[in-house]
Amino acid sequence: MDKQKEEFKLPDEITKATGMAPKDLVVLSIPKMGKGTIFGDFTTKYNAIILDLERGGYDYINARKLSTYTTSETTRYESFDNYIKFRNLLLENKGKYEYLLVDGLSDLDELAEIGGTKAYMNSIIGGSFNRELDALKRPIKNGEKLLPTDPEYKSVLTLPDGAGYQHTRKWFMDQIEIFRQIAPYRLYAAHIADKYIKDNGKEEVIGSEISLTGKLKTIFASRVTAMCKMVALDTERWLNFDVLNDSIVAGSRAPFLEGKILISRKEKAGKITTFWESIYR
């Protein structure tokens with residue numbers, strides 16, 4: 001009992017904050033704002049790797065990356081299998097990279113339909129889902145699992161009353177937890193659901209939601225350290241951490257991440273200079 005009192009003691013002192021750089025940083029933008037170039041440059045400055053899930057995002061960008069997405073040569077399901085292989089390889093070598101960049105969240109959300117379906121098929125409650133059928137088109141108990149190429153194969157999202165979304169959300173958030181095991185710091189690129197482009201040489205992303213499915217947008221937003229919108233001003237790109245109205249696409253638990261922070265500038269010769277040291281000091 002005395003030992004327990006020594007181990008569990010009510011504090012008298014103030015514990016100083018230890019968190020500085022954001023463990024999870026989400027950068028939101030509209031397409032073609034130069035996010036890929038800025039992320040790619042990050043991997044040249046830091047011990048970092050990009051898990052590239054967005055088609056064509058890094059074809060013309062120098063970066064340390066693992067890429068998988070649907071193409072004319074790679075089906076959606078093959079891309080999913082590649083993702084699982086890449087993710088597992090990173091997990092087997094966790095700590096090799098200090099920073100893991102995932103681009104983008106909407107693409108991971110699309111993969112969640114496949115992942116959530118597979119997870120449901122492997123669960124007790126979904127034991128008869130996507131199983132081989134008898135002559136009356138009824139699932140055969142303990143029958144072989146249908147493959148995604150089978151015409152009778154169904155997505156978990158076909159379950160009635162939207163019951164399938166809980167399985168896709170869980171699979172998505174499970175990936176976020178796995179990413180936290182892979183690297184101490186994670187950066188995510190995402191698109192925004194709403195946008196507004198100003199004139200007079202200025203472009204700004206304005207909206208209230210991340211481009212994710214249903215409740216997932218708020219669940220994910222509650223789990224990250226910082227979120228910001230990428231703002232374009234002529235040849236400069238800024239990360240805006242200001243929270244506007246009821247927006248959930250900006251804000252930070254890291255106190256030094258506030259307002260607008262310059263992240264890149266295009267020089268006269270066309271070279272892009274980035275300022276990631278303003279975020280990761």
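Helix axes here are lines fitted to C-alpha atoms, over the stretch in contact, and the angle between two of them runs from 0 to 180 degrees between N-to-C directions. The model used in these exercises is predicted.

**Exercise 1. Describe how H3 and H5 pack: at what angle do the axes cross, and within what distance do they come?**

Step 1. Two packed helices are described by the angle between their axes and the distance between the axes.

Step 2. For H3 and H5, the axes come within 9 Å and the crossing angle is roughly 30°. The hand of this crossing is left-handed.

Step 3. List the residues on each side. H3 contributes Phe80, Tyr83, Ile84, Arg87, Leu90 and Leu91, and these meet Trp171, Gln175, Ile178, Phe179, Gln181 and Ile182 of H5.

Step 4. Sort them by class. The contact between H3 and H5 holds nine nonpolar residues, two polar and one charged.

Step 5. Relate the spacing to helix geometry. An α-helix has 3.6 residues a turn, so residues three or four places apart point the same way.

**Exercise 2. Which residues have the most contacts inside the largest nonpolar core, and which element gives the largest share?**

Step 1. Start from the background: in soluble globular proteins, nonpolar side chains tend to be buried together.

Step 2. The largest nonpolar core has 35 residues, and Val26, Tyr83, Leu100, Phe172, Phe179 and Phe220 are those with the most contacts inside it.

Step 3. Two or more residues of this core come from each of strands S1 (24-29), S2 (48-52), S4 (99-103) and S5 (185-191), and from each of helices H3, H4 (105-121), H5 (165-182) and H6 (216-221). H5 gives the largest share, seven residues.

Step 4. Look at Tyr83. Leaving out residues up to four places away in sequence, Tyr83 touches Leu51, Leu53, Thr68, Leu108, Leu111, Trp171, Gln175 and Phe179.

Step 5. Another core lies apart from the largest one; it has 31 residues, among them Tyr46, Tyr58, Ile192 and Phe256.

**Exercise 3. Is Thr74 buried or exposed?**

Step 1. Locate Thr74: it sits in the loop between strand S3 (65-67) and helix H3 (76-92).

Step 2. Apply the cut-off. Buried means under 20% relative accessible area. Thr74 has 19% relative accessibility and therefore counts as buried.

Step 3. List its neighbours. Beyond residues up to four places away in sequence, Thr74 touches Tyr69, Ser79 and Asn82.

**Exercise 4. Which residues are joined by a cis peptide bond?**

Step 1. The cis bond joins Asp103 and Gly104, with omega at about 5°.

Step 2. Gly104 is in the loop between S4 and H4.

**Exercise 5. How many residues of H2 are buried, and what share of the protein is buried?**

Step 1. H2 covers residues 35-45, and eight of its 11 residues are buried. These are Lys35, Gly36, Ile38, Phe39, Gly40, Asp41, Phe42 and Thr43.

Step 2. Of the 281 residues of the protein, 44% count as buried.

Methods. Residues are numbered from 1 along each chain as its sequence is written. This is a predicted model: local features need pLDDT of at least 70, side-chain atom pairs count only at pLDDT 80 or more; totals for chains, interfaces and linings use all residues. Side-chain values use heavy atoms; hydrogens and water are left out. Buried means under 20% relative accessible area, exposed over 50%, partly exposed in between (1.4 Å probe, protein chains only). Helices (H or I, at least four residues) and strands (E, at least two) are DSSP runs, numbered from the N terminus. Contact means heavy atoms within 4.5 Å. A nonpolar core is a set of buried Ala, Val, Leu, Ile, Met, Phe, Trp, Tyr and Cys residues joined through side-chain atoms within 4.5 Å. A crossing is left-handed if the near helix is turned anticlockwise from the far one by less than a right angle, and right-handed if clockwise. Ala, Val, Leu, Ile, Met, Phe, Trp, Tyr, Cys and Pro count as nonpolar, Asp, Glu, Lys and Arg as charged, and the others, Gly among them, as polar.
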